[in-house]
Amino acid sequence: MRGARDRLGTGGVDERPRSQLMPERLFDVAPDGKLFFGPGVLRRSPFAADVAYIIALWAHIDGDLASILSRMLKADIAVGTAMYLSLVNSGGQRSALNAAAKEALPEWQQLLLQTIGSVAETSRTERNQFAHRVWGHSSELPDAILLTHPKTIVNHNVSHRQRSEILPDGRGVIRPEPIDDKDILVYRQGDIDAAVAGAEHAQELYRLFYAVVCGSGEGPKAQLLADPIVRKRLDQIGKNASEEAKATLGIKAKEKRKH
């Protein structure tokens with residue numbers, strides 16, 4: 001199987017529909033294997049370095065976003081970074097960026113920032129799952145690593161320890177349940193490669209946008225508008241923008257249907 005890096009289009013971005021990049025569910029591909037989830041699974045996996053790399057990339061992306069916020073606020077970068085990092089969840093951070101952009105940026109730059117955030121959101125979500133969910137493996141999938149929500153494992157463990165019924169003589173009945181495999185994702189090499197490509201793409205887009213906000217000439221803006229994924233999403237997000245913003249961003253007017 002070729003990994004995502006072998007299928008990259010121009011600009012190093014995998015241009016397949018995102019639905020084709022999502023990992024499969026264990027329930028759909030190998031529901032009968034013996035499962036194990038534990039803290040040592042990722043450490044022994046050949047994917048460990050890439051998972052760590054994706055998490056590290058997003059730490060740097062958050063630094064870039066803090067710099068963008070500082071620029072919009074016309075604040076010292078240390079002040080802007082402290083403010084951004086004090087917002088402990090990504091929702092609060094996005095709200096702060098959007099609020100600052102609405103006051104500080106022209107409409108076309110607001111649309112670019114919104115578009116980049118939309119493109120990067122899947123990678124951010126994946127990064128959060130990599131950092132906070134539980135890794136495992138299946139005996140049927142030696143080339144893959146599994147990922148699931150901690151609650152899946154907690155519920156499984158509880159079923160092995162908690163009495164589900166009390167008998168008349170006071171004894172308890174424990175009915176162990178198998179691990180629920182409906183929400184377990186299967187990551188193979190291609191899925192990991194796609195996740196890496198997505199994080200690298202997000203970093204590139206935000207760094208180009210920072211250059212735009214800094215007024216670094218037409219080059220960064222042209223690179224963003226030439227990105228096929230940004231271009232497609234921008235045409236969708238900007239369809240109700242002002243004519244001036246559309247002209248600046250090259251957003252095509254919606255064609256009228258012929259009767």
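Are R124 and D62 buried or exposed? R124 is buried, and D62 is buried too; the cut-off for buried is under 20% relative accessible area, for exposed over 50%, with partly exposed in between (1.4 Å probe, protein chains only).

## Ground rules

This is a predicted model, so local features need pLDDT of at least 70 and side-chain atom pairs count only at pLDDT 80 or more, while totals for chains, interfaces and linings use all residues. Residues are numbered from 1 along each chain as its sequence is written, and side-chain values use heavy atoms, with hydrogens and water left out.

## Salt bridges

A salt bridge here is a side-chain nitrogen of Lys or Arg within 4 Å of a carboxyl oxygen of Asp or Glu. That rule gives 8 salt bridges.

Back to the opening pair: R124 and D62 join their side chains in one of these, at 3.0 Å from N to O. It ties together distant parts of the chain, with R124 in helix 5 (residues 107-132) and D62 in helix 2 (residues 48-73), 62 residues apart. Helices are DSSP runs (H or I, at least four residues), numbered from the N terminus.

R231 and D235 pair up at 3.1 Å, N to O. They sit 4 residues apart in helix 9 (residues 228-237), which puts about one helical turn between them. D235 is partly exposed at 25% relative accessibility. Shared partners also join the salt bridges of E24, D143 and R188 into one network.

Then there's R25, bridged to D28 at 3.0 Å, N to O. R25 is partly exposed, with a relative accessible area of 33%.

## Around T152

T152 belongs to helix 6 (residues 150-159) and is buried, at 12% relative accessible area. Setting aside neighbours within four places in sequence, T152 is in contact with I179 and D180, where contact means heavy atoms within 4.5 Å.

Notes. Helices (H or I, at least four residues) and strands (E, at least two) are DSSP runs, numbered from the N terminus.
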